[in-house]
Amino acid sequence: MACKKQTVPFSGTKEQEEALKKAISELKDTPGALMPIMQKAQEIYGYLPIEVQTMISDEMEIPLEKVYGVATFYSQFALQPKGKYKISVCLGTACYVKGSGAIFSKLEEILGITNGECTPDGKFSLDSCRCVGACGLAPVMMINDEVYGRLVPDDIPGILAKYN
């Protein structure tokens with residue numbers, strides 16, 4: 001089942017914009033300020049949508065391409081919002097050989113999103129990772145800080161129901 005790209009509309013507040021502009025004005029003349037400003041922006045908004053990248057570009061008077069390049073190069077930056085419940089499925093070797101690919105596919109099917117996306121209601125986001133350090137429980141997924149191990153695809157609906 002193919003998933004179509006879900007987009008959550010940007011919903012920044014005036015307070016968030018003011019906090020970002022304040023951070024930029026305090027840091028913009030410091031050498032190497034772009035990274036700390038982007039980190040602060042992500043702290044304020046939770047992710048770096050194009051609207052936030054554009055604000056940084058305009059306020060710092062640097063090309064948007066430079067901001068976007070940094071945002072896409074470093075894995076610490078998210079271009080899509082994260083859900084209230086952040087689901088991370090381990091696709092590392094131990095988990096993968098024990099069936100985590102099927103777990104991930106079941107989540108995509110149920111939630112209607114794929115890697116790096118968030119459900120339109122902002123409830124769940126789905127990401128893959130390489131290892132959560134619980135190889136003995138393979139296959140493993142986490143929802144926020146809760147670890148679920150020794151999973152089979154049929155476990156997924158019941159687990160997700162706990163978060164409704």
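Helices (H or I, at least four residues) and strands (E, at least two) are DSSP runs, numbered from the N terminus. With that rule, helix H3 is followed by Glu-61, whose phi is positive, near 55 degrees.

This is a predicted model, in which local features need pLDDT of at least 70, side-chain atom pairs count only at pLDDT 80 or more, and totals for chains, interfaces and linings use all residues. Residues are numbered from 1 along each chain as its sequence is written, and side-chain values use heavy atoms, with hydrogens and water left out.

## Overview

The chain has seven helices and five strands. From the N terminus on, their order is α-α-α-α-β-α-α-β-β-β-β-α. The C-alpha atoms fill a box of roughly 55 × 30 × 25 Å, taken along the principal axes.

Of the 164 residues, 41% count as buried. Buried means under 20% relative accessible area, exposed means over 50%, and partly exposed lies in between (1.4 Å probe, protein chains only). The chain exposes about 9200 Å², and carbon and sulfur atoms supply 53% of that area. Accessible areas come from the Shrake-Rupley method with a 1.4 Å probe; for residues, only the protein chains shown count as cover.

Contact means heavy atoms within 4.5 Å. Among contacts between residues at least 6 apart in sequence, 61% join residues at least 24 apart.

## The sheet

Five strands form an open sheet in the order S2-S3-S1-S4-S5, with mixed pairing. Two strands pair if DSSP finds at least two bridges between them. The edge strands are S2 (117-118) and S5 (146-148), and each pairs on one side only.

| Strands | Sense | Bridges | Residues opposite each other |
|---|---|---|---|
| S1 and S3 | parallel | six | Lys-86 and Ser-125 |
| S1 and S4 | antiparallel | three | Ser-88 and Met-142 |

S1 covers residues 85-90 and S4 covers residues 141-143. Helix H6 (residues 100-111) packs on the sheet and touches S1, S3 (124-129) and S4. The direction of H6 makes about 150 degrees with that of S1. Axes are lines fitted to C-alpha atoms, for helices over the stretch in contact, and angles run from 0 to 180 degrees between N-to-C directions.

S2 and S3 also form a hairpin, with five residues between them. In its turn, Gly-122 has a positive phi of about 75 degrees.

## The helices

Helix H2 (residues 34-45) meets helix H4 (residues 64-73). Their axes come within 11 Å and cross at roughly 70 degrees. That makes H2 roughly perpendicular to H4. Angles under 35 degrees count as roughly parallel, over 145 as roughly antiparallel, 65 to 115 as roughly perpendicular and the rest as oblique.

H2 brings Leu-34, Met-35 and Met-38 to the contact, and H4 brings Lys-66, Val-67, Val-70 and Ala-71. Six of the contact residues are nonpolar, none is polar and one is charged. Here Ala, Val, Leu, Ile, Met, Phe, Trp, Tyr, Cys and Pro count as nonpolar, Asp, Glu, Lys and Arg as charged, and the others, Gly among them, as polar.

Gln-42 is found in H2. At 17% relative accessibility, Gln-42 counts as buried. Leaving out residues up to four places away in sequence, Gln-42 touches Tyr-47, Leu-48, Gln-76, Phe-77 and Ala-78. The C-alpha atoms of Gln-42 and Leu-111 are separated by 25 Å, with the two residues 69 apart along the chain.

H3 spans residues 50-60, and its buried residues are Val-52, Gln-53, Met-55, Ile-56, Ser-57 and Met-60. They pack against helix H1 (14-27), H2 and H4.

## Backbone details in the loops

Most residues other than glycine have a negative phi, and most peptide bonds are trans. Glu-61 has a positive phi of about 55 degrees although it is not a glycine. Glu-61 lies in the loop between H3 and H4. At 69% relative accessibility, Glu-61 counts as exposed.

Arg-150 also is not a glycine, yet has a positive phi of about 50 degrees. Its place is in the loop between S5 and helix H7 (156-161). Arg-150 is exposed, with a relative accessible area of 58%.

A cis peptide bond joins Ala-138 and Pro-139, with omega about -5 degrees. Pro-139 lies in the loop between S3 and S4.
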